[in-house]
Amino acid sequence: MSALRIVQVVCMAVLVSVAIPQLYDENSEVNYDTYYNEIGDGDQSEADTPTTSPASPCTVPEFSKWDKLFTMLENSQMKENMLLQYSDDIVKVGLQSLRAEVLEIVAQNSRSCAAAVESSARRAGAHAEQKLLQALEHLHDAVAHHQAQYDATLGQILEASREQVTQLDKVEQNCVHDQVKNFQTRDVEKEDRRQLQAISSELQIIQEKLSFFTRATAGQVQPAGCDMALFFPMRSPKMHAEVIPERSMKTHSVTVCMWIKPTQMFNKTVLFSYGTVSNPLELQLLLKGRSAHFTVGGEAHLVEARRAATEGLWGHLCGTWSSEQGLASLWVDGHKAASSPGVAEGHEIPADGVTILGQEYVGDGLAKRFGIQETKVGEPFTGKLSGVNVWDRVLDENEILEQAQEDGMSCGSRGNLVAWGVSQILERGGVKLIY
């Protein structure tokens with residue numbers, strides 16, 4: 001482009017304001033062809049006619065109809081852009097004002113929700129603490145007087161704790177989820193969650209304490225409605241209890257049942273032993289580790305059940321045997337755990353023996369005096385025994401299951417050979433009968 005042309009363009013831009021009134025002159029006409037939408041030949045020849053001499057740089061050129069048309073279009077586009085820019089500015093100002101109002105509402109609602117959560121958390125903590133103090137007072141009274149009152153108090157406290165957790169969940173859902181998450185106030189949400197986690201931790205501590213007191217109280221309760229138990233406080237070769245049967249132990253079939261709560265389980269722990277001078281191992285129910293063994297006529301004739309006992313927990317064991325079939329079975333907590341055929345088939349348990357609890361019969365020593373002279377290491381029982389009953393028949397499945405109901409009253413179902421609570425029990429070597 002030549003320098004002369006550049007000067008002409010600059011001058012045209014300067015003088016465009018002078019030419020704009022002429023663009024809207026009512027006498028201005030644009031000649032369109034009927035079919036091709038073009039300017040007439042006369043006008044085009046006038047526009048395309050070259051000048052013989054260049055115009056002076058600052059001389060205003062004479063505009064053709066085409067120039068006027070394009071100038072008018074450019075002016076319309078400029079006005080449209082100005083209107084669009086003005087509209088954008090108005091929208092931006094309105095959005096900024098709306099955003100400031102929304103943020104102010106969010107801040108007010110967030111502070112109110114945080115205050116509500118904090119107030120509810122404090123009330124819940126104070127209420128839970130008050131309930132815990134009441135529970136402890138009721139606990140001491142209930143252990144001394146009545147177990148049922150203590151259980152009712154524990155139920156009330158646990159229910160109150162569940163209600164507090166439910167209320168806190170509702171507060172979190174209503175305030176945090178509906179308000180905080182909708183307006184994305186993450187800082188307030190984190191603080192509320194931290195407070196709720198702290199309250200949840202405190203409630204968990206309270207529940208752990210209640211569980212501890214429940215277990216401690218449950219440890220003092222006898223199973224199956226039994227009102228007494230034999231307590232073997234330590235391992236001692238002289239510590240045992242002798243039972244005087246109601247009638248002769250001479251029989252061709254037998255069932256031995258008892259509740260046990262061992263504190264220690266060794267390689268061999270004797271629970272029940274019936275022996276004579278000729279055969280000290282005539283009938284035995286014992287533990288080897290966690291396994292239970294039931295023997296008839298000697299150690300060679302036995303049946304074994306694994307995982308039959310747990311230290312510190314009450315469990316029920318039954319051993320059954322029939323001479324006619326030679327079938328011996330072990331029942332753990334009311335369910336058959338093991339069975340073995342050919343155990344002392346055709347054998348008869350003789351009379352005139354000695355029945356011992358927590359120790360093994362050793363022959364002449366016990367025959368001469370009701371004490372233990374020789375004891376192998378690991379044989380004495382430590383823990384509690386209760387509900388010891390012996391029948392001269394094989395109990396069926398339903399009868400054994402009834403005996404094994406810890407929350408039932410099976411202690412009232414007494415055997416006809418040894419009857420718990422009726423048969424005389426002689427404590428030896430420090431064994432205590434507790435109630």
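## Overall organisation

Of the contacts (heavy atoms within 4.5 Å) in the protein with a separation of 6 or more, 71% join residues 24 or more positions apart. The protein has eight helices and 14 strands; these are DSSP runs, helices being H or I of at least four residues and strands E of at least two, numbered from the N terminus.

This is a predicted model, in which local features need pLDDT of at least 70, side-chain atom pairs count only at pLDDT 80 or more, and totals for chains, interfaces and linings use all residues. Residues are numbered from 1 along each chain as its sequence is written, and side-chain values use heavy atoms, with hydrogens and water left out.

## Burial and cores

Of the 435 residues, 37% are buried, that is, under 20% relative accessible area, with exposed over 50% and partly exposed in between (1.4 Å probe, protein chains only).

A nonpolar core is a set of buried Ala, Val, Leu, Ile, Met, Phe, Trp, Tyr and Cys residues joined through side-chain atoms within 4.5 Å. The largest one has 46 residues, and Phe272 and Phe294 have the most contacts inside it. Strand S3 (residues 253–262) gives the most to this core, with four residues. A second, separate core has eleven residues, including Ala124, Ala128, Ile157 and Leu168.

## Surface

The accessible surface (Shrake-Rupley method, 1.4 Å probe; for residues, only the protein chains shown count as cover) comes to about 25800 Å², and 52% of this belongs to carbon and sulfur atoms.

Leu98 lies in helix H4 (residues 65–144) and counts as partly exposed because its relative accessibility is 47%.
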